[in-house]
Amino acid sequence: MTTGASTSPYPARPRRSRLRTFLPLGVAAWLVLEIWLLTVVAGAASGFTVFLLLVAGFVLGSVVIKRAGRRAFQNLNEALQRGGAPSDSSNGGGNGLMMLGGLLLMIPGLISDAVGLLLLVPPVQKALSRYAERTVERKLRSAAPGTLGDAFQQARMRQPDGKVVQGEVIRDEPGDAHQDPRPPLTR
């Protein structure tokens, strides 16, 4: 005979993150705001003016994406010829942000066009890339063992001369003494 609380056969569901909760609401609010602003501008100017603005944003966005993609491809080719990794130090990490700005320009809407144009400004690109780099570093440092962030942290381990060390990380934990040893890694 056992006593105590009965356990449920179903494990407890993890709590939903804030991003998964509020992202759909944010996207819906953004779409409603875009449509409202387009109708306001169309009422103030004309529908043809709004159409020309949307077409100009699409054309400008496609040109920006093509230019940033070409620059990223040239950067990759130069890095492969040098035998190193591609670096974004020449443009402050702006290829990805330029592509995002071009994509936002291509999306119909005046708010997305304004944000896309803002992402094309070099000081904004540098500030955003520094912020994103600090955020990623902080998240990787606080990654728990066995998570995806921990895997990225382990993949980034390098020797002092810059070469990547291939291998498997094996952690000896106090309760792991009774397990069979792993076979050696050979090819």
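In the predicted model, helix α2 is followed by glycine 83, a residue with a positive phi, near 85°. Along α2, the buried residues are Val50, Gly57, Gly61, Val64, Ala68, Asn75 and Ala79, where buried denotes under 20% relative accessible area.

The protein chain as a whole contains 6 helices and 0 strands, giving the pattern α-α-α-α-α-α along the sequence. Of its 187 residues, 16% count as buried. When contacts between residues at least 6 apart in sequence are considered, 51% join residues at least 24 apart.

Packing between helices was examined for α1 and α4. Two packed helices are described by the angle between their axes and by the distance between those axes. Helix α1 comprises residues 18-44 and helix α4 residues 110-119; their axes come within 8 Å and cross at roughly 100°. Because angles of 65 to 115 degrees count as roughly perpendicular, α1 and α4 are therefore roughly perpendicular to each other. On the α1 side, the contact is made by Trp30, Leu33, Glu34, Leu37, Leu38 and Val41, and on the α4 side by Leu110, Ile111 and Ser112. Classified by residue type, this contact of α1 with α4 has 7 nonpolar, 1 polar and 1 charged residues.

Technical notes. Residues numbered from 1 in each chain as written. Predicted model: local features only at pLDDT ≥ 70, side-chain atom pairs only at ≥ 80, totals over all residues. Heavy atoms only, no water. Axes fitted to C-alpha atoms, helices over the stretch in contact; angles between N-to-C directions. Helix = DSSP H or I, 4+ residues; strand = E, 2+ residues; numbered from the N terminus. Parallel < 35°, antiparallel > 145°, perpendicular 65-115°, else oblique. Contact = heavy atoms within 4.5 Å. Nonpolar A, V, L, I, M, F, W, Y, C, P; charged D, E, K, R; others polar. Buried < 20%, exposed > 50% of the residue type's maximum accessible area, 1.4 Å probe, protein only.
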